[in-house]
Amino acid sequence: AAFHSYPEYSYIGVDIFYVISGYLITSIILRGLQNKNFSLIYFYERRIRRLIPALVFVIFLTLPLAWVKLLPLELVNLFSSISFTSFFISNFYFWNAGDIYGAVSSIYEPLLHTWSLSVEEQYYILFPAVFLITFKFFKKYLLHILILGLIISLGLADWASVEHRNFNFYVLPTRGWELIAGSLIAYFENKLGHRSQ
């Protein structure tokens, strides 16, 4: 209903989702570091156990429905998108294919929604490692580095919003500021001691 009534605000749910994701992941990392029991391997293992079963379920549920509803070329596209989705890079596939999220043609791409999961997972893979290195060697500048990352990503998103809208919509560099915004909330909450341990 929101999509049809207020199309200019129809994707705000994705923006909120990314802020929450950034907040949760950074909170988990900071708690682990404070308690001196954070393990990067365990962190990745937990993400895999949480996401992979649900993703596999969605893919296998999609296949029989697609077999009945889609034309041969659309099925080929679906299998291509499955291969990219399996490695959490479907956002690059849909960006390269020129798919516009919400367009009428998008109904023939059953896994188009996985672009947002791919962006989130790319963040999950990269951010914890970068955060840990920064925390260990540049802890004094952690806040500055987070803010700098947010500014760079937001600036890139602003630039791409005019000439490269599809790129702007689908990729981590232009979505990163939303995730980092959540990280900053977690950072300040942790710093001010508002989060109960």
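## About the model

Residues are numbered from 1 along each chain as its sequence is written. In this predicted model, local features need pLDDT of at least 70 and side-chain atom pairs count only at pLDDT 80 or more, while totals for chains, interfaces and linings use all residues; side-chain values use heavy atoms, with hydrogens and water left out.

## The nonpolar core

Let's start inside. The largest nonpolar core holds 38 residues. Such a core is a set of buried Ala, Val, Leu, Ile, Met, Phe, Trp, Tyr and Cys residues joined through side-chain atoms within 4.5 Å; buried means under 20% relative accessible area, exposed over 50%, and partly exposed in between (1.4 Å probe, protein chains only). Ile29, Leu78, Trp115, Phe127, Phe131, Leu146 and Tyr170 have the most contacts inside this core.

At least two core residues come from each of α2 (12-34), α3 (40-69), α4 (72-86), α5 (90-97), α6 (114-137), α7 (142-163), α8 (165-170) and α9 (172-192). The largest share, 8 residues, is supplied by α6. Helices here are DSSP runs (H or I, at least four residues), numbered from the N terminus.

## Two loop residues with positive phi

Most residues other than glycine have a negative phi. Lys36, in the loop between α2 and α3, has a positive phi of about 55 degrees although it is not a glycine. Its relative accessibility is 77%, so Lys36 counts as exposed.

Phe88 also is not a glycine and has a positive phi of about 55 degrees. Phe88 sits in the loop between α4 and α5 and is buried, with a relative accessible area of 13%.

## A nonpolar surface patch

Which residues form a nonpolar patch on the surface? They are Phe84, Phe87, Ile89, Phe92 and Trp95, with about 460 Å² of accessible area together (Shrake-Rupley method, 1.4 Å probe). Patch residues have over 30% relative accessible area and no salt bridge, and nonpolar side chains (Val, Leu, Ile, Met, Phe, Trp, Tyr) are joined within 5 Å. A salt bridge puts a side-chain nitrogen of Lys or Arg within 4 Å of a carboxyl oxygen of Asp or Glu. Phe92 lies in helix α5 and is partly exposed, at 35% relative accessible area.

## The second largest pocket

A pocket is an open set of points on a 1 Å grid where a 1.4 Å probe fits, with protein on both sides within 12 Å along at least five of seven lines; lining residues have an atom within 4 Å of a point.

This pocket is lined by 17 residues, and Tyr123, Phe127, Val130, Gly149 and Ile180 lie nearest its centre. Two or more lining residues come from each of α6, α7 and α9, with α7 giving the most, 7 residues.

Note on methods: Patch = residues over 30% accessible without salt bridge, like charges linked within 9 Å, V, L, I, M, F, W, Y side chains within 5 Å.
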